[in-house]
Amino acid sequence: MDVFLTGATGYIGEAVAELLVARGHTVVGLTRDPRSSRASALEDAGGRVVAGDVGDPGSYRARLAAAEVVIHTVADGRRPVESDEQLFAELLALRAAGRAPHLVYTTGCSVYGAHCHPLLDESTPTDPDHPRARLEAQLATSRLAHTIVRPALVFGGHGRSSLLGRWLDEARDGVAVFYGDARKVWSWVHVDDLARGYAAIVERLAELDGEAFLLADDAPVAALETYEACQRAFGRTGPVTHAPISEEAPVYQVFDRHEIVDSRKAQRLLGWTPRATSVMELVAALPGRTATHPEL
């Protein structure tokens, strides 16, 4: 397949690009910095990168038209809704011209909003007021060929922008502050398993128009337990301070509740099963004596 990938040098996009190239797909990745080491690594692996910004359709329009599938893994930090709506508009224009690629669109468990569901699956109602849930609804009525991916909390790999990476950095630096409900339990997904989910979708596109998939491993764990394990990985055994969720970074405030994911639909329709280590196994295996963490 000819794949156009947004966020190709980002946390998720980088893993997806690497796997798709290894499976023989042609990958053209959009990045704001084509001279970065991560962009060079993608090209060395056999992919291509183009300079552009997801918030500027003119910078990627030609690449979009040449693709069979578009994988959208990045959220514009400045105008997240408007930029995605612009992407939809570009795809609608291509469809009107007789050719539009299939869109694999990334959202996440946050689309359920302030829910009280003990288990999340694809039939669980999303929050109609959540911006990304509204974008999913736009896709559903657009008649664009699309598939939605909703990852659980992502970890593994280099972890540069992962919550787990931040927790380990805090432990290394002697910070021990946990935000919000100490009872909340989360599902996680290793970035390598997540990449395999995208690859499975790309290789089954004809069967998956309009489908959504939740991707998580089978090892949900209390968030506080994971945080304390990060502390122990760096030899920190003192008490953890608890702070209100209002003091947490806004992007994580929405997760101040159970986020337990059922991925049986992905297992059934994609043949996808998590293979990587669990988040607790990964943290337990980290060398706490060092000041770095090679995998997060």
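Predicted model: local features only at pLDDT ≥ 70, side-chain atom pairs only at ≥ 80, totals over all residues.
I started with Glu 203, which is partly exposed at a relative accessible area of 38%. My scale: buried is under 20% relative accessible area, exposed is over 50%, and partly exposed is in between, with a 1.4 Å probe and protein chains only.

Residues are numbered from 1 along each chain as its sequence is written, and side-chain values use heavy atoms, with hydrogens and water left out.

**Salt bridges**

How many salt bridges are there? I get a count of 15, taking a salt bridge as a side-chain nitrogen of Lys or Arg within 4 Å of a carboxyl oxygen of Asp or Glu.

Glu 203 pairs with Arg 23 in one of these, with the closest N and O atoms 3.0 Å apart. Glu 203 sits in the loop between H7 and strand E11 (212-215) and Arg 23 in the loop between H1 and E2, so this pair ties together parts 180 residues apart in sequence. For these labels I used DSSP runs numbered from the N terminus: helices are H or I with at least four residues, strands are E with at least two. Arg 23 is partly exposed, at 39% relative accessibility.

Next I looked up Glu 248, whose side chain meets that of Arg 166 in a salt bridge (3.0 Å, N to O). This pair also links distant parts of the chain, 82 residues apart: Glu 248 is in the loop between strand E13 (241-243) and H9, and Arg 166 is in helix H6. Is Glu 248 buried or exposed? Glu 248 is buried at 9%, whereas Arg 166 is partly exposed at 24%.

Arg 172 and Asp 173 form another bridge, again with closest N and O atoms 3.0 Å apart. Arg 172 comes out partly exposed at 30% and Asp 173 exposed at 51%. I also found a network in which salt bridges with shared partners join Asp 53, Asp 76 and Arg 78.

**Cavity**

I worked on a 1 Å grid over the protein atoms alone: a cavity is a set of points where a 1.4 Å probe fits but cannot get out, a pocket is an open set with protein on both sides within 12 Å along at least five of seven lines, and lining residues have an atom within 4 Å of a point.

I found one cavity of 30 Å³ or more. The largest cavity holds about 70 Å³, a volume being the space filled by probe spheres set on the points, which are joined across faces, edges and corners. Arg 166 and Glu 248 turn up again in its lining, along with residues including Trp 167, Trp 186 and Tyr 252. Helix H6 (163-173) and strand E8 (177-179) each give at least two lining residues.

The largest pocket has a volume of about 1500 Å³. Which residues are closest to its centre? Of its 46 lining residues, I noted Ile 12, Thr 73, Val 74, Ala 75 and Val 251. Elements giving two or more residues to this lining include helix H1 (11-22), helix H4 (80-96) and helix H9 (250-253).

The second largest pocket has about 170 Å³. H1 supplies the largest share of its lining, five residues, and helix H7 (191-202) gives at least two. Among the lining residues I wrote down Tyr 11, Glu 14, His 158 and Asp 192.
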